[in-house]
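Subject: Handover of a structure for your study

Dear colleague,

Please find below the structure that I am handing over to you.

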Number of protein chains: 2
Amino acid sequence: MVATSCFADRLAKHVPLSDAERKALTRLEENPRKVKRGAMIQRVNDTVTELFVLREGRVMSFVILPDGSRQILRVYFPGDFIGSASTIYSKAPESLVALSDAIICPFDKHALRRLLEEYPRVAALLFLLSNAERVALTDRLASLGRTSAKARVASFLLDIFDRLRVTDDSIVDSFDLKLTQEEIGDAIGLTSVHVNRMIRRMEQEGLIGRANGRITLLDLARLEEIGHYTNRHKDMDLDWVPSLN
Amino acid sequence: MVATSCFADRLAKHVPLSDAERKALTRLEENPRKVKRGAMIQRVNDTVTELFVLREGRVMSFVILPDGSRQILRVYFPGDFIGSASTIYSKAPESLVALSDAIICPFDKHALRRLLEEYPRVAALLFLLSNAERVALTDRLASLGRTSAKARVASFLLDIFDRLRVTDDSIVDSFDLKLTQEEIGDAIGLTSVHVNRMIRRMEQEGLIGRANGRITLLDLARLEEIGHYTNRHKDMDLDWVPSLN
DNA sequence: CGTAGTCTTGAGTATGGTCAACCGCGGTGG
DNA sequence: CCACCGCGGTTGACCATACTCAAGACTACG
């Protein structure tokens, strides 16, 4: 039996992969490692030469500012490609911590380089994905820079929702956020107290529902309007990568 | 005489390029186009298939939110690679406008694809650069999410300063910002009024000087401390790309 | 010399932060 | 088995940072 690569599966959702490509991608996930919730995977300023594919669970990247406040930079889900900054910086610019029990697959940055040399289609795919990540970041930048607390919460929930749905077809309108309100706040530049106020208000207004940790999005249209949210996944088009034959 | 590629020059500052690579990169800049200050290069939601290398002048990318407010996502300088989102999205997620008279070199996204197929080292380089851009964005994200108005102004000035120095050795401690205070505000999530107050205060405190549009950074150490700024260029290491031979 | 854009400053306001208290729940150890 | 502890959520009172509105000054350019 061949071990499957969740990263390959993720990519194959967009473009067909050759067996050789799939095999090469699987090799990145040869060394899966279990990590417990709260475990530090990478610490800011550590010397790093590794990247990761997240196979299971959730991970976040963040920085701590000198005054102790934290900015969560990105929340990662299974199939995500993590820590590519180590290709260009010798010291990690961000920390990585598991948000839940997780399985990560570390591999050396030189293994990635060889992969890209041998498989130009994979190189093209990674280039595309990093552009998608870039746009996700600019969306949040606009959210932090120019929108109200309520809008930030709304767009954050929608973003997580849509990203989870990319890989999990069973999600219809509710999902496990698995983040504390403090973590939400640290992701969108608010305090936990104010996140709570916003969430409660949105609940009272019938925009969202909550039941033992699960969030239900009750009025997607209004949430998107409030959050000035655009679903980027719809417009994504991976035809740019060379075709298989 | 061969037309030089400012993009190749930029890359060559980090890693040696072969003649063939240099030539291929130069081909991206075969169609330079002059644009006037204020000219719209790309409008959000337009169908796009082009990318650009900025040869001369300054360009910004931004979005306008439904309430009319603007978030500037990135300011670009000569040698920068612009608009790579068009490789993955058919509709532009951001607008591009010239901040000064500029020369841009548009090329088709398929030309880029062919380049990456033929020149894996260039593909690796672009992958690296997009990672550097990603870190620059996360730095600003942390700035917007978790730091005060004064800190944002300080780190923004330092960022521009350091980026200009990458290509312009003549810069010692002063530079032409070429941005209105409203534009600064739109980049760091403040109003022009408040940007003005911060700048004036920093001037009075002897942190910066101003003379007909030129900004002088008088106390780099304190500015870096105030802005929680890290110069990412110092730690950059392009050794990851395959060597030439 | 007039006009438009930018800068500057003040007065008043509001959004979101701070501080503090309390609740509820799940885990843990006596 | 239950008391205790600690974390996360909830709420209120108060505060501060940055926004809004508005007016006037400066500058560049026709």
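Which element gives the most to the surface near DNA strand D? Before the answer, please note that this is a predicted model. The element in question is α7(A), which contributes four residues to that surface.

**DNA strand D**

DNA strand D is surrounded by 15 residues, and the closest of them are Gln181(A), Asn196(A), Arg200(A), Arg210(A) and Ala149(B). Two helices each supply at least two residues of this surface: α7 (192-204) of chain A and α7 (192-204) of chain B. By class, the surface near DNA strand D holds four nonpolar, seven polar and four charged residues.

Which parts of DNA strand D account for its atoms within 4 Å of the protein? Sugar or phosphate supplies 78% of these atoms, and bases supply the rest. In the side chain of Asn196(A), an N or O atom is 2.5 Å from a phosphate oxygen of DNA strand D. From chain B, the side chain of Thr191(B) has an N or O atom 3.2 Å from a phosphate oxygen of DNA strand D.

**DNA strand C**

Around DNA strand C there are 15 residues, of which Ala149(A), Gln181(B), Asn196(B), Arg200(B) and Arg210(B) come nearest. Of the atoms of DNA strand C that come within 4 Å of the protein, 73% belong to sugar and phosphate.

The side chain of Arg200(B) places an N or O atom 2.6 Å from a phosphate oxygen of DNA strand C, and for the side chain of Arg210(B) the corresponding distance to a phosphate oxygen is 3.0 Å. Arg197(A), by contrast, has a polar side-chain atom 3.0 Å from a base oxygen of DNA strand C. The elements giving two or more residues to the surface near DNA strand C are α7 of chain A and α7 of chain B. The largest share, four residues, comes from α7(B). This surface divides into four nonpolar, seven polar and four charged residues.

**Annotated domains of chain A**

The record gives "domain: Cyclic nucleotide-binding" for residues 32-116 of chain A. That span is 9% helix and 46% strand, and its end C-alpha atoms lie 21 Å apart. The record also places "domain: HTH crp-type" at residues 147-221 of chain A. Over residues 147-221 the chain is 56% helix and 15% strand, with the end C-alpha atoms 18 Å apart.

**Packing of helices**

Two packed helices are described by the angle between their axes and the distance between the axes. In chain A, helix α5 (residues 149-167) packs with α7(A) at an angle of about 75 degrees, and the axes are 10 Å apart. Angles of 65 to 115 degrees count as roughly perpendicular, and α5(A) is therefore roughly perpendicular to α7(A). On the side of α5(A), the contact is made by Ala149(A), Lys150(A), Val153(A) and Ala154(A), and on the side of α7(A) by His194(A), Met198(A), Ile199(A) and Met202(A). These residues divide into six nonpolar, one polar and one charged.

In chain B, the axes of helix α5 (residues 149-167) and helix α6 (residues 181-188) come within 10 Å and cross at roughly 105 degrees. This angle makes α5(B) roughly perpendicular to α6(B). Arg152(B), Val153(B) and Phe156(B) of α5(B) meet Ile184(B), Ala187(B) and Ile188(B) of α6(B). The contact of α5(B) with α6(B) has five nonpolar residues, no polar residues and one charged residue.

**Arg232(B)**

Where does Arg232(B) lie? Arg232(B) is found in the segment after α8 (220-227) of chain B. Its side chain makes a polar contact of 2.9 Å with the side chain of Asp139(B). Leaving aside residues up to four places away in sequence, Arg232(B) touches Tyr89(A), Pro93(A), Val135(B) and Asp139(B).

Yours sincerely,

Technical notes
Residues numbered from 1 in each chain as written. Chains lettered and ligands numbered in written order. Predicted model: local features only at pLDDT ≥ 70, side-chain atom pairs only at ≥ 80, totals over all residues. Heavy atoms only, no water. UniProt positions renumbered as here; feature names shortened; annotations may be inferred. Near = heavy atom within 4 Å. Polar contact = N/O pair within 3.5 Å; in protein donor to acceptor, adjacent residues only side chain to side chain. Nonpolar A, V, L, I, M, F, W, Y, C, P; charged D, E, K, R; others polar. Axes fitted to C-alpha atoms, helices over the stretch in contact; angles between N-to-C directions. Parallel < 35°, antiparallel > 145°, perpendicular 65-115°, else oblique. Contact = heavy atoms within 4.5 Å.
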